[in-house]
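Me: I would like to go through this structure term by term, asking each time what a label rests on. Please set each value against its criterion before you conclude.

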Amino acid sequence: MPIRVVVWNEFHHERTRDDVKAVYPDGLHNTIAAPLRGEDGVEVSTATQEDPDCGLTAERLAETDVLIWWGHARHDDVPDDVVARVKERVLAGMGLIVLHSAHFSKIFKSLMGTTCDLKWREAGERERLWVVAPGHPITEGIGEYIQLEEEEMYGEHADIPAPEELVFISWFQGGEVFRSGCCYRRGAGRIFYFRPGHETHPTYHNTEIQRVIANAVRWAAPTGPDVRGFGNREPLESLG
Ligand code: ZN
């Protein structure tokens, strides 16, 4: 069975700002989706905030194995019932990859249970993402670090739960550091937060960043049917 991926984007900056349009003329969602379409065993579609129900109906989510989420300026416009549906699917096993400014999305904050606040600076500075989990499936094919010549800075302290696995730590030219690749499990679902990807920088055109996202799709995908059982049970053997 292929891994069914939906790349979701609020699709706001690319339509309203020329500096963003210049970097992502097809929209961030299409730029993120394009290299995934070349992956074996992966089926990719896109959805945006402009679609009815944000493109995330119960039927669509039921057929989604991994949801990738990019949002920034319009987090509050995502209806609560859509967020509730996504959360329910994550808890039931759907993978979720949360990119960059989606640290403030309703769905990520709800799944983390903290403010997810952080320091930031838009100065187009150098970022070096150091691999701190060599051998982890998400860092496969990546060397010691990924270097991005221009990015927004996110700095510690980030108000997130301690990641269950930390795979990248970023260094920024201005001196800050940040936990840039964070793995979590919630219910049966796997969540990966990946920091880089400010809308005015060509980060999603970078082949190493594309590699990490593709690796994260495979890591976050459900490994099989949900076999968990809950509730009152008859004993398996006689208790007499
Ligand atoms: Zn940003």
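Reply: Gladly, and we can begin with Glu 152, whose relative accessible area is 5%; since buried means under 20%, Glu 152 is therefore called buried. Please keep in mind throughout that this is a predicted model.

Me: What makes Glu 152 a donor of the zinc ion?

Reply: A donor has to be an N, O or S atom within 2.8 Å of the metal, and the protein donors here, His 100 through NE2, Glu 152 through OE and His 198 through ND1, lie 2.0 to 2.1 Å from the zinc ion. In sequence these donor residues follow the spacing H-x51-E-x45-H. Glu 152 belongs to strand E6 while His 198 sits in the loop between E9 and H7, so that the pair, 46 residues apart, links distant parts of the chain.

Me: Why are His 198 and His 100 called buried?

Reply: The limit for buried is under 20% relative accessible area; His 198 has 2% and therefore counts as buried, and His 100, at 0%, counts as buried as well. Beyond its neighbours within four places in sequence, His 198 is in contact with Tyr 24, His 100, Glu 122, Glu 151 and Glu 152.

Me: What joins the side chains of His 198 and Glu 199?

Reply: They are joined by a polar contact of 3.3 Å, and the cut-off for such a pair of N or O atoms is within 3.5 Å.

Me: Which backbone angle of His 100 is positive, although His 100 is not a glycine?

Reply: The angle is phi, at about 45 degrees, and His 100 is found in the loop between E4 and helix H6 (106-112). Asp 53 also has a positive phi, near 55 degrees, in a residue other than glycine; Asp 53 lies in the loop between E2 and helix H4 (58-62).

Me: Why is Asp 53 called partly exposed?

Reply: Its relative accessible area is 43%, and partly exposed covers what falls between buried, under 20%, and exposed, over 50%; Asp 53 is therefore partly exposed.

Me: Which peptide bond is cis, and what is its omega?

Reply: The cis bond joins Glu 156 and His 157, with omega about 15 degrees, and His 157 is placed in the loop between E6 and E7.

Me: How do you know which strands are the edge strands of the sheet?

Reply: Nine strands form an open sheet in the order E2-E1-E3-E4-E9-E8-E7-E5-E6, with mixed pairing. Strand E2 (42-48) and strand E6 (145-155) each pair on one side only, and these are the edge strands. Neighbouring strands of this sheet are turned against each other by 25 degrees on average, direction ignored.

Me: What makes E3 and E4 a strand pair?

Reply: At least two bridges are required between two strands, and five join strand E3 (residues 66-70) to strand E4 (residues 95-99), the two running parallel.

Me: What is the aromatic pair of Trp 8 and Trp 69 called, and on what values?

Reply: A search of the whole structure finds seven aromatic pairs. That of Trp 8 and Trp 69 has 3.9 Å from centre to centre and 20 degrees between the planes; with the limits at 6.5 Å for the centres and under 30 degrees for stacked planes, the pair is stacked. It links strand E1, which holds Trp 8, to strand E3, which holds Trp 69, 61 residues apart, and both residues are buried.

Key:
Residues are numbered from 1 along each chain as its sequence is written. This is a predicted model: local features need pLDDT of at least 70, side-chain atom pairs count only at pLDDT 80 or more; totals for chains, interfaces and linings use all residues. Side-chain values use heavy atoms; hydrogens and water are left out. Helices (H or I, at least four residues) and strands (E, at least two) are DSSP runs, numbered from the N terminus. Axes are lines fitted to C-alpha atoms, for helices over the stretch in contact, and angles run from 0 to 180 degrees between N-to-C directions. Donors are N, O and S atoms within 2.8 Å of the metal (3.2 Å for Na, K and Ca); water is not among the atoms, so sites may look incomplete. Buried means under 20% relative accessible area, exposed over 50%, partly exposed in between (1.4 Å probe, protein chains only). A polar contact is a pair of N or O atoms within 3.5 Å; within protein, one must be able to donate a hydrogen and the other to accept it, and residues adjacent in sequence count only if both atoms are side-chain atoms. Contact means heavy atoms within 4.5 Å. Rings of Phe, Tyr and Trp (its six-membered ring) pair if their centres lie within 6.5 Å; planes under 30 degrees apart count as stacked, over 60 as edge-to-face and the rest as tilted.
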